[in-house]
Amino acid sequence: MTDTKPGNRFEAGGGGSSTAAHDGKSETRRPRGDRGSRGRTTIADGVVEKIAGMAARDVDGVYAMGSGMARTFGAMRDRVPGGSKSASRGVSAEVGDVQSALDLEIVVEYGVAIADVAASVRENVVNAVERMTGLEVVEVNIAVSDVKLPDEEDEDEDSGRTRVQ
């Protein structure tokens with residue numbers, strides 16, 4: 001027995017199950033609730049930072065992420081057995097329920113147009129974060145902390161050398 005009071009979830013016109021005649025056949029439809037109403041998903045700041053870091057590194061003209069000090073500590077950490085490269089180096093994220101804001105610190109290669117690289121990084125980061133997390137990215141602030149000159153040696157290579165030969 002089905003109660004058909006207004007507002008009842010079994011009422012044919014309501015949001016619940018209903019039957020409809022379609023070419024003489026009876027078919028039952030399941031309720032289609034909002035997918036978000038079945039639980040809550042939270043995304044940690046670190047997750048968004050990693051996504052943004054990987055997206056920024058994919059842009060041509062970005063040499064490294066982070067300031068000189070962060071890169072130095074990162075290079076030391078990378079040398080420790082069992083250590084791994086930090087995908088979130090140079091990225092800071094603030095994540096809310098539906099929005100996120102990001103701050104990136106990058107090193108660009110000499111000769112590239114910094115404004116173009118920054119625009120490409122911003123676009124790539126926004127696309128990656130919004131696609132993977134569903135969060136709206138409200139801002140991406142980019143700080144260019146250094147330029148990698150062609151004749152400069154990598155910090156990783158330089159740290160193993162002595163001053164005299």
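What follows is a short chat about a predicted model.

Biologist: What is the secondary structure of the chain?
Modeller: There are four helices and six strands. Starting at the N terminus, the order reads β-β-α-β-α-β-β-α-β-α.

Biologist: What makes arginine 40 and aspartate 97 a salt bridge?
Modeller: Their closest N and O atoms are 3.2 Å apart. The cut-off is within 4 Å, so the pair qualifies. By this rule the count comes to one salt bridge.

Biologist: Where do arginine 40 and aspartate 97 sit in the chain?
Modeller: Arginine 40 is in the loop between strand E2 (25-29) and H1. Aspartate 97 lies in the loop between strand E4 (91-95) and strand E5 (99-109). The two are 57 residues apart, and the pair links distant parts of the chain.

Biologist: Why is arginine 40 called exposed?
Modeller: Its relative accessibility is 65%, and exposed means over 50%, so arginine 40 gets that label. Aspartate 97, with 61%, is exposed too.

Biologist: And why does aspartate 45 count as partly exposed?
Modeller: Aspartate 45 comes out at 35% relative accessibility. Buried needs under 20% and exposed over 50%, so aspartate 45 falls in between. Its place is in helix H1 (residues 45-57).

Biologist: Which residues form the negative surface patch?
Modeller: Asp45, Glu94, Asp103 and Glu139. Patch members need over 30% relative accessible area, so Asp45 passes that step with its 35%.

Biologist: How much of the chain counts as buried?
Modeller: Of the 165 residues, 26% do.

Terms used:
Residues numbered from 1 in each chain as written. Predicted model: local features only at pLDDT ≥ 70, side-chain atom pairs only at ≥ 80, totals over all residues. Heavy atoms only, no water. Patch = residues over 30% accessible without salt bridge, like charges linked within 9 Å, V, L, I, M, F, W, Y side chains within 5 Å. Areas by Shrake-Rupley, 256 points an atom, 1.4 Å probe, with all protein chains shown as cover. Salt bridge = Lys/Arg side-chain N within 4 Å of Asp/Glu carboxyl O. Lys, Arg positive; Asp, Glu negative; His and termini not counted. Charge placed at Lys NZ, Arg CZ, Asp CG, Glu CD. Buried < 20%, exposed > 50% of the residue type's maximum accessible area, 1.4 Å probe, protein only.
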